[in-house]
Amino acid sequence: VWIAIGVKQRSSAGGDSSTRACGAGAMLMAQALMQAYWLRGEIDHATAWPLHACDLGAWLAPISLMVHAGTASRWLGLIVTFWGFGFATQAFLQPTLASGPDDMQFYFYWTNHTAIVAAALYHTIVLGLRPTLVDLWKVIAITFVWTAAVFSIDLVTGWNYMFLGDGQPEQATVVDVLGPWPWRVIWMVLIGIGVFHIVWVVIRLSGRGSMAPPRDRGEEAHA
């Protein structure tokens, strides 16, 4: 419904600014509630920091909707789009939840991942974001740097953010079949690159024959 309203407002005189503001506001409010809940007790540093790509993406998603002009806006949109379609969708295919509906973590988990995917859909459907091949590889480079940083933190602390540490997710995932640590990290990076390429192809194909908003029309000719 939110995306449909954005599509309708996009062509109006006032644009979709109010729709983006409402969506971003709801996402930020959800993040504030999550932080308040987690800070009420003892902080577990092995899980509390926003080092998972989807935890960071849940903060970048509303920011990307609020910042709607210039290079920063485009790059935030690109990162949220690739992380949303490439990473957050995995939560729906292979959930790593260890708790049920009687635990607030259950709702935080689904809210976080849904917000990132929703923002990615908004960027592509409403705002007409169409990444070029150069955009794809720049996002891969940014993601690789982030992955290397998180891997280093995991290595030093013994944590397992982004499942890059010497540990396994509590639930069965594809990580289980990628071999021993740390060699499985190489496979995780290669799979991530492959998934990002699939996301790029799908977005490009879905955009053919459709009218993209002004911000990306010029880039279509250079892709």
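## Exercises on a predicted model

On one side of helix α2, Cys22, Met29 and Leu33 are exposed.

**Exercise 1.** Work out which residues of α2 are buried and why they are on the same side of α2.

*Solution.* 
Step 1. Locate the helix: α2 takes in residues 17-38, which makes 22 residues. From its first C-alpha to its last it reaches 31 Å, close to the 32 Å expected at 1.5 Å a residue.
Step 2. List the buried residues of α2: Thr19, Arg20, Gly23, Ala24, Met27, Ala30, Gln31 and Met34.
Step 3. These residues cover an arc of only 125° around the axis, so they fall on the same side of α2.
Step 4. Identify the cover: what lies over the buried residues of α2 includes α1 (2-10), α4 (53-66) and α7 (104-126).

**Exercise 2.** Find how many salt bridges the whole structure has, and describe the residues that form them.

*Solution.* 
Step 1. A search of the whole structure gives 2 salt bridges.
Step 2. In one of them, the side chains of Arg20 and Asp16 meet at 3.3 Å, N to O. Arg20 has a relative accessible area of 9%, and Asp16 has 7%. Buried means under 20%, so Arg20 is buried and Asp16 is buried.
Step 3. The side chains of Asp135 and Arg74 also meet in a salt bridge, at 2.2 Å, N to O. This pair links distant parts of the chain, with Asp135 in helix α8 and Arg74 in helix α5 (residues 70-88), 61 residues apart. Both Asp135 and Arg74 are buried.

**Exercise 3.** Decide whether Thr147 is buried or exposed, and list what it touches.

*Solution.* 
Step 1. Thr147 lies in helix α8, residues 133-157.
Step 2. Its relative accessible area is 11%, so Thr147 is buried.
Step 3. Leaving out residues up to four places away in sequence, Thr147 touches Met162, Leu164 and Val189.

**Exercise 4.** Classify Leu190 and Gly194 by accessibility, and name the surface patch that includes Leu190.

*Solution.* 
Step 1. Leu190 is in helix α9, and Gly194 is found in helix α9 (residues 183-207).
Step 2. Leu190 has 48% relative accessibility and counts as partly exposed. Gly194, at 31%, is partly exposed.
Step 3. Leu190 belongs to a nonpolar surface patch with Val174, Val177, Trp183, Ile186, Trp187 and Ile191; together they have about 750 Å² of accessible area.

Conventions
Residues numbered from 1 in each chain as written. Predicted model: local features only at pLDDT ≥ 70, side-chain atom pairs only at ≥ 80, totals over all residues. Heavy atoms only, no water. Helix = DSSP H or I, 4+ residues; strand = E, 2+ residues; numbered from the N terminus. Expected span 1.5 Å × (residues − 1). Buried < 20%, exposed > 50% of the residue type's maximum accessible area, 1.4 Å probe, protein only. Arc of directions from axis to C-beta. Contact = heavy atoms within 4.5 Å. Patch = residues over 30% accessible without salt bridge, like charges linked within 9 Å, V, L, I, M, F, W, Y side chains within 5 Å. Areas by Shrake-Rupley, 256 points an atom, 1.4 Å probe, with all protein chains shown as cover. Salt bridge = Lys/Arg side-chain N within 4 Å of Asp/Glu carboxyl O.
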